[in-house]
Amino acid sequence: MVAAGVLGGCEDYHSYFNRKGYPEAVKMSEDPIFPDERRIGISAMARADEGKLAPATQAYAKATNDTDWLVRSTAVRALNQSRSTEALPLIIGKLKDEHPRVRLEAAKALVNMPDDAAVTPLIKIVSSDLEDRDVRLAAAQALGSYKRLDVSRTLVGQLGQRDYGIAFESRLSLRKITGRDYMYDEPAWLEYLTGPGKPPG
């Protein structure tokens, strides 16, 4: 067992798991005392071929309820890396986690694994000025997978944001959804969305 904090750099990290291998990573991921052990173990598992399949993905799903937010976020990231679509309901639920880092990893996962059930919470996130900026950016990107009128209208509403990053990601998603680009011209976008053409939805 590696005491928490011993793996201080990338070289130590890689050399340790090259020597000990996947079984040791699994053992670390289940450490009952040290959150850092669990986090490091999950990260190492997710990098291995075995870590992209069950039962590893089931272990990540369980770890998303860990008491430590960093372990939870690492587990959601591992589910994203494994493209575990069966875990999508769980990932969508993590958009409401109390810690923004966990919500961020959930939104990033939904960029790669879109699901209609995620639309409402993603819209709520991107529309909230109280939400963490990085989480909003990821939500705006994730919404680009949904050719729906409510999604497009929400993204248009973000184009006038004072935060350029959110406006930019919203514009990119609108381009992906519609194949058009009216820059940051909200009236032009709304005219298209309500016009006789072929708007999404």
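This is a predicted model: local features need pLDDT of at least 70, side-chain atom pairs count only at pLDDT 80 or more; totals for chains, interfaces and linings use all residues.
Local features were considered at pLDDT of at least 70 and side-chain atom pairs at pLDDT 80 or more, whereas totals for chains, interfaces and linings use all residues. Residues are numbered from 1 along each chain as its sequence is written, and side-chain values use heavy atoms, without hydrogens and water.

The protein chain contains twelve helices and zero strands, where helices (H or I, at least four residues) and strands (E, at least two) are DSSP runs numbered from the N terminus. Of its 201 residues, 46% are buried, that is, under 20% relative accessible area with a 1.4 Å probe, protein chains only; exposed means over 50% and partly exposed in between.

The largest nonpolar core comprises 47 residues; such a core is a set of buried Ala, Val, Leu, Ile, Met, Phe, Trp, Tyr and Cys residues joined through side-chain atoms within 4.5 Å. Helix H7 (residues 100–112) provides the largest share of this core, six residues. Among the residues with the most contacts inside the core are Tyr-60, Ile-91 and Leu-110. Contacts are heavy atoms within 4.5 Å; Ile-91 touches Leu-79, Ala-106, Ala-109, Leu-110 and Met-113, not counting residues up to four places away in sequence.

In helix H12 (residues 186–194), Ala-188, Trp-189, Tyr-192 and Leu-193 are buried. These residues lie on the same side of H12 because they cover an arc of only 135 degrees around the axis, taken from the directions from the helix axis to the C-beta atoms. They pack against helix H10 (149–156) and helix H11 (164–178), while Pro-187, Glu-191 and Thr-194 are exposed on the other side.
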